[in-house]
Amino acid sequence: MTDLYARHKSVLPDWLALYYEDPLEITHGEGRHVWDSDGNRYLDFFGGILTTMTAHALPEVTKAVSEQAGRILHSSTLYLNRPMVELAERIAQLSGIPDARVFFTTSGTEANDTALLLATTYRRSNTILAMRNSYHGRSFSAVGITGNRGWSPTSLSPLQTLYVHGGVRTRGPYASLSDDDFIAACVDDLKDLLGHTRPPAALIAEPIQGVGGFTSGPDGLYAAFREVLAERGILWIADEVQTGWGRTGDHFWGWQAHGQSGPPDILTFAKGIGNGSSIGGVVARAEIMNCLDANSISTFGGTQITMAAGLANLNYLLEHDLQGNARRVGGLLIERLRAVAAQVPHVREVRGRGLMLGVELVKPGTDEADPDAASAVLEATRADGLLIGKGGGHNTSALRIAPPLSLTVAEAEEGAAILERALRSVTQ
Ligand code: PMP
């Protein structure tokens, strides 16, 4: 055990989980690569759980942050904040939500907390619909709506949460149905649930479940839910913490795969927009955002330095069409991984879109999750110079691949080759 790891364990909580038997200390990065404290170089296919959106040490972001730090690090919601207004204007326009207002937080968890505060206040109801296998954070209220039991083993949340089917296409009671029938069955299930409960404030859902293993229902699922919800005045909250900013390639936001009935009532974001600096936020129509009778929520959120980072990062993303890059390079990567999967019996499924790809591992010839194989692949890829993630329900048997969106074709091929070696060696 390294000295730093021993000190970490002696002073930080046990539940602050670290990856790898010999945890990594990342000291610097560049582009799609990071280096550890022993000088080892890694191709980064996880971007610190999707926080490095564009690239490591992006000069444009570094410059914006250091210039702002050189001017002032002052943080307060009591005074006008130019970078906050500018970033809010950009995000309001990109959100697709009419008459949108943006409130910044420091994390996705707080963004979801705020969304719940808005929805429950607006609708005068503390009942929330959430998806099975979901993850929305671990604060008092966010953990109360997180369906993934591994992440919410106990919850004394003040919210009453009801869980809806549909976030996992290829498991569960409707797995064998066609897409249309799957959606119809989930809608029936939702209607049945609504017949048995007090009127909920909102349905919160990740368009593609992140921690749940990069899994989703068919395109159009949330549009079908929306019709049922809208008739009853129930709000739709899209948690775009992992799916936002063009990561899914086909769309800028994940909700757009379900956008037939328009944008969500509330959208939450975080992770990538700060490129590693902590920005979260909520977007909602003015009518919903302004239902709170309060002065503010926090002193922090939207600090000048993180807003400067976010603006520079967003500009880079849009100017270099990284959404298009995610679609193109992600398309090649998924094909390559599916070709490997066809030859490795441990792989049950390769799924996802853009640069958000999941590889689910099972015990060969069965449908039983294989978390040991997933951990072994994680270790083997690290030893071979590639960082990836894990996730997937309570059994953590999916590999998660979500590189910075500037990934090149050559890097995609290099990473796929390392993954192939790891899958073959571990699962032989
Ligand atoms: N929502 C989703 C979909 C997430 O994946 C996460 C983090 N993994 C969160 C919310 C919580 O965000 P944060 O960790 O920034 O608090």
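Trainee: What covers the buried residues of helix H8 (residues 221–231)?

Mentor: Helices (H or I, at least four residues) and strands (E, at least two) are DSSP runs, numbered from the N terminus. A residue is buried if 20 or more other C-beta atoms lie within 10 Å of its own, exposed if 12 or fewer, and partly exposed in between, with C-beta atoms placed from the backbone. Here the cover over the buried residues of H8 includes helix H7 (179–194), strand E7 (202–205) and strand E8 (235–239). The buried residues themselves are Leu221, Tyr222, Ala224, Phe225, Arg226 and Leu229. Just after H8, Gly233 has a positive phi of about 75°.

Trainee: How should I treat the numbering and the confidence?

Mentor: Residues are numbered from 1 along each chain as its sequence is written. This is a predicted model, in which local features need pLDDT of at least 70 and side-chain atom pairs count only at pLDDT 80 or more, while totals for chains, interfaces and linings use all residues.

Trainee: Is Ala383 exposed, partly exposed or buried?

Mentor: Ala383 lies in helix H12 (residues 371–383). It is partly exposed, because 13 other C-beta atoms lie within 10 Å. The C-alpha atoms of Ala383 and Arg32 are separated by 17 Å, and the two residues are 351 residues apart along the chain.

Trainee: In what order do the strands of the open sheet run?

Mentor: Two strands pair if DSSP finds at least two bridges between them. In this case 4 strands form an open sheet in the order E1-E2-E3-E13, with mixed pairing. Strand E1 (26–30) and strand E13 (386–387) are at the edges with a single partner strand each, so one side of each has no neighbour in the sheet. Strand E3 (residues 41–44) and E13 run parallel and are joined by 2 bridges; Asp44 stands opposite Leu387 in E13.

Trainee: Which residues are closest to the ligand?

Mentor: We call a residue near a molecule or strand if its C-beta atom, placed from the backbone, lies within 6 Å of it. The ligand is surrounded by 16 residues, the closest being Ser107, Gly108, Thr109, Gly210 and Val241. Helix H5 (residues 108–123) gives the most to this shell, with 3 residues. For classes, Ala, Val, Leu, Ile, Met, Phe, Trp, Tyr, Cys and Pro count as nonpolar, Asp, Glu, Lys and Arg as charged, and the others, Gly among them, as polar. The shell has 5 nonpolar, 9 polar and 2 charged residues.

Trainee: How many residues of each domain are in contact with the other?

Mentor: Domain bounds come from an automatic or database domain assignment, which here gives domain 1 (3–54 + 322–426) and domain 2 (63–319). Two residues are in contact if their C-beta atoms, placed from the backbone, lie within 7 Å. By that test, 29 residues of domain 1 touch 29 residues of domain 2. On the domain 1 side, H11 gives the most, with 5 residues. That side has 10 nonpolar, 13 polar and 6 charged residues.

Trainee: And how compact is the protein chain?

Mentor: The protein chain has 13 helices and 15 strands. Its radius of gyration (taken over C-alpha atoms) is 21 Å. Buried residues make up 52% of the 428 residues.

Terms used:
Rg over C-alpha atoms; globule rule 2.2 N^0.38 Å.
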